[in-house]
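Student: I'd like a close look at a single part of this model. Could you walk me through it?

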Amino acid sequence: MASRFVPKMVIEREKFGFVAPGSPYLLQNNIAYIDDLLSYDLIKKQGYFNADKVEQLKKMYKQDGFSLNIPFESDLLIH
């Protein structure tokens with residue numbers, strides 16, 4: 001039983017959803033791993049996606065103040 005290890009206040013609190021940060025957050029914070037994964041050369045080499053479109057989305061997502069209107073817009077780079 002988890003109750004032996006988890007504080008009572010955590011076990012009894014109301015459940016809530018968890019939403020991980022999306023691509024705009026990751027790109028705006030210049031996380032090297034994300035920049036590497038979405039590098040133009042790597043996307044082009046793998047050949048699964050349009051590298052020019054990925055660059056266009058990255059540029060848009062990196063703009064100051066940019067955010068997606070979830071659930072009405074999809075985070076295309078996460079997909």
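Student: At its relative accessibility, does Val-54 count as buried or exposed?

Tutor: Happy to. This is a predicted model, in which local features need pLDDT of at least 70, side-chain atom pairs count only at pLDDT 80 or more, and totals for chains, interfaces and linings use all residues. Residues are numbered from 1 along each chain as its sequence is written, and side-chain values use heavy atoms, with hydrogens and water left out.

Val-54 counts as buried because its relative accessibility is 9%, where buried means under 20% relative accessible area, exposed over 50% and partly exposed in between, using a 1.4 Å probe and protein chains only. Val-54 belongs to helix 5, residues 51-62 (helices are DSSP runs of H or I with at least four residues, strands are E runs of at least two, and both are numbered from the N terminus). Leaving aside residues up to four places away in sequence, Val-54 touches Leu-38, Ile-43, Phe-49 and Leu-77, a contact being heavy atoms within 4.5 Å. Take Leu-77: 23 residues separate Val-54 from Leu-77 in sequence, yet their C-alpha atoms are 7.3 Å apart.

For contrast, look at Met-9, in helix 1 (residues 8-12). Met-9 is exposed because its relative accessible area is 68%. Together with Phe-5, Val-6, Val-10 and Ile-11, Met-9 makes a nonpolar surface patch of about 500 Å². Patch residues have over 30% relative accessible area and no salt bridge; like charges are joined within 9 Å, and nonpolar side chains (Val, Leu, Ile, Met, Phe, Trp, Tyr) within 5 Å. A salt bridge is a side-chain nitrogen of Lys or Arg within 4 Å of a carboxyl oxygen of Asp or Glu.

How values were computed. Accessible areas come from the Shrake-Rupley method with a 1.4 Å probe; for residues, only the protein chains shown count as cover.
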